[in-house]
Amino acid sequence: MGNLFCCVQVDQSTVAIKERFGKFDDVLEPGCHCLPWCLGSQLAGHLTLRLQQLDVRCETKTKDNVFVNVVASVQYRALAEKANDAFYKLSNPRTQIQAYVFDVIRASVPKLDLDDAFEQKNDIAKAVEDELEKAMSAYGYEIVQTLIVDIEPDEHVKRAMNEINAAARMRVAANEKAEAEKIIQIKRAEGEAESKYLSGMGIARQRQAIVDGLRDSVLGFSVNVPGTTAKDVLDMVLITQYFDTMKEIGAASKSSSVFIPHGPGAVRDIATQIRDGLLQASQHHE
């Protein structure tokens, strides 16, 4: 009906290309326009000015010979002031954009290792955007934004990378565990050494106290009982201690003590050893 009355309607965010006798004549803005077909005017087509998005998936290889699929997302739109160029100069803008994206990605990614490719996604996107902006502006298109939305290595490569990462973490955990066990063993050894040192000091003090007590007892008994020598008193004390020890061992039902030798005649040897120790201690104090 619109063509019958020589009227056409152009929707919002769209422009129409008007031709006269097959030659470009004008760009029609959104709204209603008169198109006298009887004078050779006709509508060649419509061109959308809306923002469009094209996702490009490109397979390439990194510097360390890992094949990856790079997914680039390009957002573009036609310029109203260059609508005639966008309509006439480029028949398929999506194919043209895809070709430029392939060219830039396959020139940039092979210069980078796989880890660097992940880290420099923004640099790759900027290189793609600059190349597209320079090329597509001549055809009446504006590149609004270019994003590298994903870098996908081969499934085997991803599995190997995960295993390497897991092994590295396990190695760190093993080192930390070994270090903790080392600290525990060192602290335990230090505690045992300190305990043995203190125990030795206690035993030394105990024996010193016993020797001092025996010496004082022998000297006091010799003074109070005339005619007795220190040897007689010491022998009597040792025999008394010997029988006390035997009594304690016999009274215990589950005793694990072993007293060797157990004969009374062995007291003389013990007495001789203690007496020599007392004499040496006395000389040391003098």
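Which strands does α4 lie across, and at about what angle does it run to β8? Select α4 with β7 and β8: the helix lies across these two strands and runs at about 145° to β8. Axes are lines fitted to C-alpha atoms, for helices over the stretch in contact, and angles run from 0 to 180 degrees between N-to-C directions; helices (H or I, at least four residues) and strands (E, at least two) are DSSP runs, numbered from the N terminus.

This is a predicted model, in which local features need pLDDT of at least 70 and side-chain atom pairs pLDDT 80 or more, while totals for chains, interfaces and linings use all residues. Residues are numbered from 1 along each chain as its sequence is written, and side-chain values use heavy atoms, without hydrogens and water.

Next, select β6, β7 and β8, which form an open antiparallel sheet in that order. Strands pair if DSSP finds at least two bridges between them; 11 bridges join β7 to β8, and Ser73 has Leu147 in β8 as its bridge partner.

Now show the largest nonpolar core, of 34 residues: buried (under 20% relative accessible area, 1.4 Å probe, protein chains only) Ala, Val, Leu, Ile, Met, Phe, Trp, Tyr and Cys residues joined through side-chain atoms within 4.5 Å. Ile97 and Ile148 are among those with the most contacts inside this core.

Finally, centre on Ile148; beyond neighbours within four places in sequence, its contacts (heavy atoms within 4.5 Å) include Val70, Ile105 and Ile124.

Technical notes
Buried < 20%, exposed > 50% of the residue type's maximum accessible area, 1.4 Å probe, protein only.
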